[in-house]
Amino acid sequence: MRTVTTQRRAPLSVSDAPGPEPVRPFLKWAGGKRQLLSQLARFQPAKFGAYCEPFLGSGALFFDLHSRGVLGDRRVVLMDNNADLIGSFLSVRDDVSRVIRSLKRLSDAHQLEPSVCYYRVRDQRFNPARRRLAPNDESTTRRSERYTPALAAMLIYLNHTGFNGLFRLNSSGGFNVPEGRYVNPRICDASNLRAVASALARPGVEVREDRFESVCEWARPGDFLYFDPPYAPTSATSSFTAYTPGGFSVDDQRRLQQIVVELARRGCHVLLSNSTAPEITALYTDNVVARAAGLRAHRVTSRRAINSRGTARGLVDEYLISNISPSSSAE
Ligand SMILES: C[S@@+](CC[C@H](N)C(=O)[O-])C[C@H]1O[C@@H](n2cnc3c(N)ncnc32)[C@H](O)[C@@H]1O
């Protein structure tokens, strides 16, 4: 497995030491949390051990904490079950120069004939190359570990030029997002990609393709875990949850609640974002077990896509659920 591990340390206190160079997410991701960073910062524990994001997506909170110097040399575990997403993180970490070279070539080709280039890359190069990676099988290496810099460059290109930055697969597993409507999209931000690579290559940072449940095997008292799962839909058409085949079911939401409760009882600092759908209210706000574990649901407002096609935006209420008391600003 392409991961880096380090020894555990006692919890460190969070200082305001100047951070490393600022780094932004290199992918646009449905449900990305850049809009919510100031609210999330209110739940940052004063002291914590390891930091973990089990639903990484574009990693908005990880890159924010890294840029603000909050993570220091702590152990960091970044996980997602989307093999393409984790494959592109690993390729950027391990071979950023080749990713940038490929991406510059794609960017040049895109300037000439945007639409032709998009569909040629998607259908004649990206999908065939993805199919050649063997299927996931626990007895062999994971698909993400066989991702190549060329595939990562194509994913970044399609992500920056495709419709709303979506990642969607058809029933045979092919990436089928149509082109987006952008004038002059920024496709290759080489200096940010290099900054991403160095943030991910720091000793102690692990990136891995995994399901969220695996955090229970190693999380320790004092660790800080931020869970940002696909949101429970507030109506039949309100939410996009198909980042990976199978989506995220009501049973997944229930299992996640059990894990969050177990970690809170263990003494971990947990923070979870989700919609205000009735099933989430029932699992946390109205649930005696969750409340006894110290979890409280705080309503916050954020600007989000408010229709299923992501074409209209508006203010939407959502929950931040945590056993950490938020700092006082603007609750
Ligand atoms: C809302 S997005 C996370 C967005 C992220 N916080 C950001 O700022 O971009 C949810 C992520 O959960 C991942 N996911 C869905 N089911 C999962 C599972 N069972 N285990 C781990 N990750 C999963 C999806 O691939 C997706 O990237």
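Student: Which residues does V92 touch?
Tutor: Not counting residues up to four places away in sequence, V92 touches F26, V99, A152, L193, V196, A197 and L200. Two residues are in contact if their C-beta atoms, placed from the backbone, lie within 7 Å. This is a predicted model: local features need pLDDT of at least 70, side-chain atom pairs count only at pLDDT 80 or more, and totals for chains, interfaces and linings use all residues. Residues are numbered from 1 along each chain as its sequence is written.

Student: Which residues touch the most other members of the largest nonpolar core?
Tutor: They are V92, L225 and V260, in a core of 81 residues. Helix α6 (residues 149–161) gives the most to this core, nine residues. A nonpolar core is a set of buried Ala, Val, Leu, Ile, Met, Phe, Trp, Tyr and Cys residues joined through C-beta atoms within 7 Å. Buried means that 20 or more other C-beta atoms lie within 10 Å of a residue's own. Helices are DSSP runs (H or I, at least four residues), numbered from the N terminus.

Student: How much of the protein is buried?
Tutor: Buried residues are 41% of its 331 residues.

Student: Changing topic, which residues of α8 meet α9?
Tutor: V250, Q253, R254 and Q257 in α8 meet E279, L283 and Y284 in α9.

Student: And how many helices are there in the protein?
Tutor: The protein has ten helices.

Notes. Buried ≥ 20, exposed ≤ 12 C-beta atoms within 10 Å, placed from the backbone. Helix = DSSP H or I, 4+ residues; strand = E, 2+ residues; numbered from the N terminus.
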